[in-house]
Amino acid sequence: MPETGYYSCKKKDHICEDVCGETSRVALTMSRLRCALRGFDVKALFLLLIGVPFLIFVIYFHGQKISYFLRPIWESPPKPFRTIPHYYHPNVSMERLCQLHGWGIRDLPRRVYDAVLFSNELDMLEIRWHELSPYVSEFVLLEANSTFTGLRKPLFFANNRQRFKFAELRLTYGTIGGRFVKGENPFVEESYQRVALDQLLKIAGIHDDDLLIMSDIDEIPSGHTIDLLRWCDEIPDKLHLQLRNYLYSFEFYLDDKSWRASVHRYQAGKTRYAHFRQTDNLFADSGWHCSFCFRHISQFIFKMKAYSHVDRVRFAYYLNPQRIQDVICRGADLFDMLPEEYSFQEIINKLGPILSSYSAVRLPCYLLQHVDQYRYLLPGNCKRESE
């Protein structure tokens with residue numbers, strides 16, 4: 001009986017056996033492979049063996065990018081803010097400026113409290129406090145001995161307090177011990193510290209209708225914005241501040257979408273220190289947000305490991321000093337992420353490094369008065385200093 005299909009016959013007794021059957025006596029390797037592949041497309045197997053590992057590789061190294069690029073599909077944009085136009089010129093009277101905004105003028109300005117959580121941003125704090133100093137009644141600063149991620153850290157402000165003697169008579173300073181809970185979401189520790197800041201504000205003597213600035217240290221309201229809000233009557237109880245967004249220095253202007261900074265007319269029992277959206281009102285063009293604007297590479301590394309978005313440090317080489325320096329000078333992203341936007345058009349428009357800006361117009365006054373001290377923050381000075 002001839003050999004046909006997947007059967008084999010013995011010539012002597014013409015007994016046929018199924019090569020693929022359990023009772024088959026044929027043990028040749030090629031025959032077994034032939035049986036295994038019976039009815040299977042070899043090309044499909046090849047694609048499977050090559051494609052699956054490649055897909056795993058892409059997801060492991062670029063899954064975050066894929067997720068951010070597809071964000072417009074799985075997440076809707078937040079409700080738009082109601083943007084309030086901002087009128088200002090140094091030669092226009094305060095009464096007239098208040099009128100332009102539809103507000104009245106007060107007989108006396110409100111007291112202003114500037115409250116911040118402090119990590120290690122000494123330069124930014126100095127620029128911020130000098131910008132706001134003519135208008136702030138009390139500076140309130142809370143410092144912890146741990147980062148949001150539970151790392152132990154020195155009390156940087158306490159160790160450098162002499163730099164801020166100009167604010168000493170108007171300073172309420174407090175410290176808080178970290179909880180050092182391993183594996184905890186960093187936002188829990190951040191929330192814990194912000195609640196403690198509420199208590200420090202009470203110690204500082206804040207009262208109803210005082211103006212309270214809630215923002216991170218690198219979110220700097222312009223002095224004339226705070227001056228306007230302390231003098232004008234009938235302003236909203238809560239206002240988010242639209243800030244110009246910069247990265248690494250004032251050379252890399254990103255956009256004007258920073259909104260988390262806010263100003264509140266304090267109400268005892270109601271006002272809570274927070275860093276999320278609290279109102280739909282957004283006051284246009286109200287200052288600067290300079291993110292990761294540090295003098296030394298070590299400060300970049302410290303923040304990358306310390307702040308609430310530590311999950312963005314997906315690979316150890318992200319913390320390589322040479323890589324960080326290269327990223328700074330190119331205006332690229334420290335975490336190799338795509339833009340956090342809600343439409344494909346906005347994502348595509350922001351792909352790639354930030355273009356350099358050579359304008360140093362309308363920057364914080366103290367920065368321009370002390371250029372030699374803060375040159376690394378100005379256009380054309382991307383190289384960071386050695387320790």
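A: Start with a pair of strands. This is a predicted model, and in it strand β12 is joined by three bridges to strand β13, residues 253-258, the two running antiparallel.

Q: Which residue of β13 is the bridge partner of N245?
A: The partner of N245 there is D255.

Q: How many residues lie between β12 and β13 in their hairpin?
A: Five residues separate the two strands of the hairpin. In the turn, Y248 has a positive phi of about 75°.

Q: In which sense do β12 and β16 pair, parallel or antiparallel?
A: Parallel: four bridges link β12 to β16, residues 287-291. N245 comes up again on this side, standing opposite H289 of β16.

Q: Is β12, residues 243-247, mostly covered or mostly uncovered?
A: Mostly covered, as four of its five residues are buried.

Q: What pLDDT does the chain average?
A: The average is 89, and 87% of the residues score at least 70. Over residues 1-17, however, the pLDDT is below 50, although this stretch has 24 contacts in the model beyond near neighbours in sequence. Where pLDDT is low, predicted coordinates should not be read in detail.

Methods. Residues are numbered from 1 along each chain as its sequence is written. This is a predicted model: local features need pLDDT of at least 70, side-chain atom pairs count only at pLDDT 80 or more; totals for chains, interfaces and linings use all residues. Side-chain values use heavy atoms; hydrogens and water are left out. Buried means under 20% relative accessible area, exposed over 50%, partly exposed in between (1.4 Å probe, protein chains only). Two strands pair if DSSP finds at least two bridges between them. pLDDT is the predictor's confidence in each residue, from 0 to 100. Contact means heavy atoms within 4.5 Å.
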